[in-house]
Each structure stands twice: as C-alpha cells, then as structure tokens.
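Hi everyone, thanks for coming. Let me put the chain up on the screen, and then I'll walk you through a few spots in it.

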Amino acid sequence: AASDVYKRQAMFTNNAPATPLRLAAPLLALITMTSHLPGAPLSLTLRERGEITNTWRTAEWDPGKTAIIVCDMWDSHHSVTAVRRVNEFAPRLNAVLGVARERGAIIIHSPSDCMPAYKTHPARERALSVRAAKNSPPDMGAWCHRIPAEEKGAYPIDQSDGGEDESKWENDQWAARLEADGRKPGTPWLKQNALLEIADGDYIASEGDLVWNILQHRGVEHVILSGVHTNMCVLGRPFGLRQMVRAGMDTVLLRDCTDVMYNPARWPYVSHFTGLDLVIGHIEQHVCPTITSDQLVGGEPFRFGHDRRPHLLVFAGAPEASRELQAFSRRFLDPTFRVSFVIGGPDRNPHLNTADAVLTTGGNVPAGIGALPLVTIGGKGTPGRSIRSDGGRSISVTRDAFANPAFRRSLFEAVHRATDLSVPAELPQDPDIRRSQEGWSAPGPAVPGAKYRDLRTLLRTPTGLKPGKRLVRWESQPEASVFLNGQPLEKAGEGKWKLDEGALRAGDLNLLVFRLSVNAKDDSAALAPPPEILDGDSAFALDAVHWQERYSSDNQPDTSFPIPPQFGAPTDLIQNWSK
C-alpha cells in the first residue's frame with residue numbers, strides 16, 4: 001500500500017530490516033499464545049537507573065487502562081540515516097501495536113505536523129469527537145523542555161547541530177531526492193510511516209491537550225511511549241514523556257523501538273548507538289522507566305543491524321570502584337563498546353545473556369559467565385593471558401591507580417583484545433577537553449590566547465507572558481554585547497540593554513548570548529552575580545547554573561542555534577522564568 005514516493009525512498013535508503021523479517025514467524029506464533037488473549041494483564045519488567053547501575057522491577061498493567069503513543073514515526077525525514085533506522089524497527093513496532101491492540105490497549109498515532117493528511121480519516125475523527133477533559137493540567141498543549149528531576153543530572157549528549165550523522169554528500173543527494181518528490185528537505189514528513197497499521201478503534205492526534213482528552217475519556221492510567229526521536233520529540237512533545245510524567249501518568253519508554261538524533265562527531269564523541277544508550281540512561285535515571293518489545297511479542301529485544309558494538313559487562317564490586325571504572329569507561333571504552341555496570345552477582349542482571357566479554361576487579365571469576373572472555377584487574381598470578389577450565393579466555397592486568405597512564409593503556413588494550421578488536425595506536429582524547437576546544441561547553445578553565453568569552457543560556461518564558469518594555473541588566477559587565485534570539489540588543493545605560501516590545505517569545509525558549517572580552521573586569525566571576533531581566537517594578541534574576549561558554553578569537557559571536565532550540569537544547573542550558 002506504500003506510495004510511489006515511499007517505494008523510491010525505501011530503495012534509496014537501502015532498507016533491509018533483516019532482524020524484523022527473521023522474527024516474523026515466531027511473532028505470528030506468539031500472538032496466538034494464551035498469554036496474549038484479550039484482557040490478559042501486561043506483565044512488564046521495568047528498567048530504571050541509579051547512580052551507577054540499572055535496577056529492575058516487575059509490573060502488571062491492565063491493557064484496557066494502557067495506551068501506546070506512537071511519536072513522530074514519519075514517512076520521511078531530513079536525515080536519510082534516520083529514515084533507514086525508522087524503516088528498520090517499524091515492523092517490530094507494528095507487531096507490538098498489533099499484540100497490544102488485541103489485548104485491549106489503546107493506540108494513539110501522533111505524527112506531528114501531519115494532521116492535514118488525516119482530516120477525514122476515521123481515527124482522526126474519533127480523536128476530535130472526544131469531549132474535553134475537565135482536569136487538564138496546565139500547558140498540556142506546549143512543549144515540555146525539562147522536569148524538576150532532570151536537574152539532578154547533566155544532559156549526556158550535544159545534539160545542537162540537529163544530530164544528522166550521514167556524510168555531506170549523502171545528505172545533499174537525499175535533499176535533492178526529496179525536492180524531486182515535491183517535499184521540503186527540512187521538513188519532508190507528510191504522513192505516518194506506511195509500515196505502521198492504523199486500525200479500527202485507533203486514534204490520530206498530535207496535540208497534547210487532545211491526547212490528554214483521549215487518555216481521560218478512556219480511563220488510561222499507564223502510557224507507553226514509542227517512536228522517534230527520543231532526545232527530541234519523544235521527550236519534549238506536548239504528548240511526550242515529560243508531559244505524561246508531569247501529568248501523573250504511570251509512564252514508560254519502549255526503549256528498543258526508538259532512535260536518537262545524534263552525530264558522533266559531537267560531544268561525547270561516541271557511536272550513534274552509544275548516544276542512544278546515554279539518552280535512554282538519562283531517561284531511566286531522571287524521567288521514567290523503560291521496557292522492551294520482547295515483553296509483549298516474545299523473542300529478543302530489537303537491535304539495529306548496524307549496531308556492532310561489543311557488549312562489555314563490568315562487575316565493579318563496591319560503588320567506589322564503579323565510579324573509577326565509569327570515569328575510565330566514559331573516556332576510553334564508550335567510543336567503541338556498549339558498557340553495562342553490575343554491582344552484585346550476574347544472576348541479578350539480565351544483561352548477562354547479551355554480553356561479549358566481562359571485566360571484573362579483584363581477580364575473581366563471577367559465577368555464571370560461562371566461557372565469556374574475562375578481563376580481571378588485580379588478578380592472581382602472573383599478569384597476561386590464560387585459558388580457564390571452562391574454556392574461556394582470561395586476561396589479567398596488574399592493579400594500579402587509574403591516574404597512571406601505563407595502567408590505563410594496559411586496561412584499554414586488554415579489553416580490546418578480549419573482544420578481538422584491533423588496538424588503536426592512540427588513546428581517545430578526553431571528551432570534555434575536546435569539547436571545550438571545539439565549541440560550546442560547560443563553564444570551565446579559560447582557553448589560552450582567546451580574545452572573547454561568549455556565554456549563552458535559554459530562557460523559557462511563561463505561556464501567558466504579555467508584551468511589554470523590559471531591560472536586561474548586568475551591572476558587573478557593562479561592556480558586554482548582548483543578543484536575544486540572534487538579534488543584538490541596544491544599550492539603555494550602564495550595564496543595561498533594551499528588550500523591545502514583544503521581543504521575548506512567550507511560552508517558548510529564548511536564546512540569550514553575552515559576549516565578553518577575555519580581559520573584561522572580573523572575568524573569572526562573570527556569573528557572580530548573573531544578569532537580570534527588569535520587568536516593570538520587578539526583576540527576574542537568571543541563575544548561575546544553566547549556562548554554556550565558548551572561548552574564541554572570532555570577531556562575530558555565535559548567536560543562534562543551527563536548529564530550533566526545542567529540538568537542540570540540552571536540559572542543563574534551560575532556565576525557567578516563572579512569575
């Protein structure tokens with residue numbers, strides 16, 4: 001039933017969903033099992049993340065009180081690699097929707113910006129016919145850029161470039177193809193992906209308040225979010241994870257039926273799939289738990305065909321040892337490996353059956369690892385390689401301080417050899433140092449030789465903010481140049497700048513950029529005190545936390561985001577102006 005446009009797109013993107021096709025037969029059999037009968041509880045294993053490791057808990061949800069929201073599974077995208085990945089996991093997601101639908105769950109298709117295509121569709125008419133809920137939380141129709149729990153952690157990736165991970169040549173070729181098909185290269189989506197069935201009884205809605213009406217009308221208590229892209233739309237849309245959690249819904253992310261917009265050339269300089277794992281970890285720790293598709297349709301969790309990272313399982317012992325190993329992993333292993341941490345025995349960790357190698361401290365072989373390759377830190381006997389009685393290979397590394405470069409090199413090489421990977425000649429650069437040298441980063445040491453220090457923050461204004469004459473005041477930095485949403489602000493006195501009538505976008509993110517000379521007065525304490533917004537007789541003081549800085553000698557400051565901030569902004573750059 002796919003259109004000619006979709007067929008050409010699928011051919012160009014070389015879509016070969018080997019994993020979903022391989023699972024098709026067992027999936028059909030599983031649908032007929034008694035555990036999938038209508039009304040049977042959804043038995044789920046929810047994964048959450050603590051400071052170091054994952055934890056699991058079980059839950060049973062009434063399918064009649066459960067909704068699956070399908071977020072932005074569009075028929076096209078400006079990134080051709082994003083199209084390929086969506087086409088790859090869409091058959092698995094469609095199988096999930098089929099099973100959930102048969103068991104009584106509510107399915108809401110939410111392809112944003114595509115409602116005109118469904119103007120007369122029964123599922124759209126069904127959504128529009130639902131009466132307005134009486135208990136709608138405030139701002140359910142707006143993006144949600146952060147919830148309070150996210151203040152406890154730093155956002156894990158830089159997505160400010162939009163996250164396209166294809167080459168420029170391939171991107172140009174894809175843009176030309178979209179234009180030839182009559183689509184806008186920047187926003188080419190017109191409908192939902194044709195690989196997903198919209199069945200009788202489903203709903204089509206992408207408005208947050210309309211989705212909320214449906215949930216209330218159907219008595220929904222549990223929500224499963226699926227679709228793309230997790231770090232942008234799935235988290236932030238008016239019907240996304242944050243809004244559902246903020247509104248009090250029991251919410252989970254279907255983590256193996258989602259993707260991320262992340263370019264490995266950006267901080268923290270890891271593979272695309274590690275970038276996805278990092279965002280999922282942020283969600284599990286600060287937003288909501290996650291589940292996998294096999295809990296509904298059987299088999300194994302979905303894995304992208306191009307995700308060939310070896311899976312390293314780390315038994316770290318005490319939390320203190322884990323923190324050292326986590327810091328080591330972040331710099332030396334995350335660019336290449338999929339790393340999971342365990343405190344306690346392997347019997348408590350479902351990661352074990354997908355591991356390719358094990359790293360442990362103290363020299364003890366964890367029970368249950370079978371013949372998996374093992375790297376031990378501080379193992380007994382002579383450091384080097386050996387074959388265990390179970391046939392598995394072991395590599396022992398003499399324990400030393402992680403600050404010792406020779407020890408870091410030995411451990412780095414041992415993990416690569418245990419997984420049969422060639423050892424790179426150079427160790428990876430510290431991602432935070434590299435980031436500070438290449439662009440915007442968290443405030444830190446000055447870059448030698450730079451002429452300017454630029455600071456930026458994103459101000460989320462109240463939805464009901466009315467136009468009015470306001471000022472930016474920063475008396476400790478009277479010589480600064482100030483920009484709002486890319487436009488320079490006119491000075492209004494010593495350390496003051498005019499905010500023209502309506503300059504601040506109400507209910508949206510506003511980018512404030514300050515340019516300081518490196519030799520500016522008291523530059524080391526440039527954020528103490530931070531700037532203020534003067535609004536009549538009141539003043540709103542910006543905080544000193546949600547900022548990024550960039551040292552440069554460029555005469556022109558970088559005063560805008562490459563993409564709209566709601567898509568590219570990390571949570572730790574956003575501050576809320578609440579009256």
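Let's start with the second largest pocket: its lining residues divide into 7 nonpolar, 6 polar and 6 charged. Here Ala, Val, Leu, Ile, Met, Phe, Trp, Tyr, Cys and Pro count as nonpolar, Asp, Glu, Lys and Arg as charged, and the others, Gly among them, as polar. That pocket holds about 420 Å³ of space. Of its 19 lining residues, Asp139, Arg146, Arg246, Arg460 and Asn576 are the closest to its centre.

Quick word on terms: on a 1 Å grid over the protein atoms alone, a cavity is a set of points where a 1.4 Å probe fits but cannot get out, and a pocket is an open set with protein on both sides within 12 Å along at least five of seven lines; lining residues have an atom within 4 Å of a point. Grid points are joined across faces, edges and corners, and a volume is the space filled by probe spheres set on the points.

Some housekeeping: this is a predicted model, where local features need pLDDT of at least 70 and side-chain atom pairs count only at pLDDT 80 or more, while totals for chains, interfaces and linings use all residues. Residues are numbered from 1 along each chain as its sequence is written, and side-chain values use heavy atoms, with hydrogens and water left out.

Now the cavities. How many of 30 Å³ or more does the structure hold? There are 2. The largest has a volume of about 80 Å³, and of the 14 residues that line it, His145, Asn231, Arg242, Gln566 and Ala569 are the closest to its centre. Helix H8 gives the most to that lining, with 3 residues. The second largest cavity comes in at about 70 Å³. Trp74, Ser76, His77, Val83 and Val86 are the closest to its centre, out of 13 lining residues, and H4 supplies the largest share of that lining, 4 residues.

Stepping back, the chain has 15 helices and 25 strands. Helices (H or I, at least four residues) and strands (E, at least two) are DSSP runs, numbered from the N terminus. Of its 579 residues, 53% count as buried, where buried means under 20% relative accessible area, exposed over 50%, and partly exposed in between (1.4 Å probe, protein chains only).

Ser79 is one to look at. Is Ser79 buried or exposed? It counts as buried, because its relative accessibility is 0%. Ser79 sits in the loop between strand E3 (66-71) and helix H4 (80-102). Leaving aside neighbours within four places in sequence, Ser79 is in contact (heavy atoms within 4.5 Å) with Glu164, Asp165, Glu166, Trp174 and Met261.

Most residues other than glycine have a negative phi, and most peptide bonds are trans. Well, the bond from Val228 to His229 is cis, with omega near -15 degrees, and His229 is in the loop between strand E6 (222-227) and helix H8 (230-236). The bond from Trp267 to Pro268 is cis too, with omega near 5 degrees. Asp420 has a positive phi, near 60 degrees. Asp420 lies in the loop between helix H13 (405-418) and helix H14 (431-438), and it counts as exposed because its relative accessibility is 60%.

Last stop, H13. Its buried residues include Phe407, Leu411 and Val415. The buried residues of H13 pack against several elements, among them strand E9 (311-315) and helix H12 (319-332). That's my tour, thanks!
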